[in-house]
Amino acid sequence: MNRLFLINKESGVTSFKEVSRVRRKLGIKKAGHAGTLDQFASGLLLILTGRYTRLVEYFTGFDKVYRTTFEFGKETDTSDPEGSVTAESTVPLLSDIESVLPAFSGKIFQQPPLYSAVHINGERAYRLALKGQTVEIPAREIEIFDWKILDYSPPYLKSEIHCSKGTYIRSLARDLGRACGSRAYVKTLERTAVGGFSLAQAVTVNDLKEDGSFDWE
């Protein structure tokens, strides 16, 4: 079965497990995803099967759109809700956030989170972090095409972010919090688009049938 499936991943499930569920549902051996979503995150996950897995690198190059909630006043070691709080601060005003947001537009350099899948000397950064090792992850260039503030009800900032591949929303939360004199982490994260593919087109693994067809709710 050579297919591209647009899957709506639920929060609490790893991307790897979601791919495994698709394999079992379809009774196939070869499948892979085109861009990891963190376990706490939800939304659009592209899963390719059969010979289409050769196209994974092409699909991972697409830009993405996320809807996210940042909580200000706290920072966690993972920059997400699954981590431990490592710092606390006062909650900023909306004007404070808006004043620094232009610095997070266009091409910028970003340091990935310590708890990430980035390779450091042949090993994943998060594995080194779990061993208690402190490593320096080189900054990388990304691009923020658009950042819309949808709502600010302190300490929660809701945004829609359109960004390039390789962007860590967790790093954006960390850096935005510090830039406006506070701290922040990602409380919720949903991927709503990858390239020209939309979450509105996606189905859950439970919607899939063994022949690869699906039922809409």
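Strand β4 (residues 64–72) and strand β12 (residues 184–194) pair in the antiparallel sense over nine bridges, where pairing requires that DSSP finds at least two bridges between two strands. The model is predicted, so local features need pLDDT of at least 70 and side-chain atom pairs count only at pLDDT 80 or more, while totals for chains, interfaces and linings use all residues. Residues are numbered from 1 along each chain as its sequence is written, and side-chain values use heavy atoms, with hydrogens and water left out. The protein chain holds five helices and 13 strands, these being DSSP runs numbered from the N terminus, with helices (H or I) of at least four residues and strands (E) of at least two.

**The chain as a whole**

- Of the 217 residues of the protein chain, 47% count as buried, a word that stands for under 20% relative accessible area, whereas exposed stands for over 50% and partly exposed for values in between (1.4 Å probe, protein chains only).
- The accessible surface of the protein chain comes to about 11100 Å², of which 48% belongs to carbon and sulfur atoms; the areas come from the Shrake-Rupley method with a 1.4 Å probe, and for residues only the protein chains shown count as cover.
- Among contacts between residues at least 6 apart in sequence, 68% join residues at least 24 apart, a contact being heavy atoms within 4.5 Å.
- The structure holds zero disulfides, a disulfide being a pair of cysteine sulfur atoms within 2.5 Å; Cys163 is buried with a relative accessible area of 1%, and Cys180 is also buried, at 12%.

- Strand β4 is largely enclosed by the rest of the structure, because eight of its nine residues are buried.
- β3 and β12 run parallel and are joined by two bridges, with Glu190 of β12 as the bridge partner of Ser42.
- β12 pairs with β13 as well, in the antiparallel sense over two bridges, and Ala193 stands opposite Ser198 there; in this hairpin, which has two residues between the strands, Gly195 takes a positive phi near 55°.

**Glu71 and its surroundings**

- Glu71 has its place in strand β4 and is buried, with a relative accessible area of 7%.
- The side chain of Glu71 makes a polar contact with the side chain of Tyr185 at 2.5 Å, where a polar contact is a pair of N or O atoms within 3.5 Å; within protein, one must be able to donate a hydrogen and the other to accept it, and residues adjacent in sequence count only if both atoms are side-chain atoms.
- Not counting residues up to four places away in sequence, Glu71 touches Pro155, Tyr156, Arg183, Ala184, Tyr185 and Lys187.
- Pro155, one of those residues, lies in the loop between β10 (140–153) and β11, and the peptide bond from Pro154 to Pro155 is cis, with omega near 10°.

- Helix α1 (residues 15–26) has 12 residues, which at 1.5 Å a residue should span 16 Å, and its end C-alpha atoms are 17 Å apart, which agrees; the expected span is 1.5 Å times one less than the number of residues.
- In α1, Ser15, Glu18, Val19, Ser20, Arg21, Val22 and Leu26 are buried, and the buried residues of this helix pack against β1 (4–9), β2 (31–33) and β3 (42–49).
- Just after α1, Gly27 takes a positive phi of about 70°.
- The C-alpha atoms of Lys209 and Val22 are separated by 9.9 Å, although these residues are 187 residues apart along the chain; Lys209 is found in the segment after β13 (197–198) and counts as partly exposed, at 38% relative accessibility.

- Arg170 lies in helix α5 (residues 169–179) and is buried, with a relative accessible area of 5%.
- A polar atom of the side chain of Arg170 lies 3.0 Å from the backbone oxygen of Thr78.
- Ser79 lies in the loop between β5 (74–76) and β6 (85–88), is buried with a relative accessible area of 5%, and has a positive phi of about 65° although it is not a glycine.
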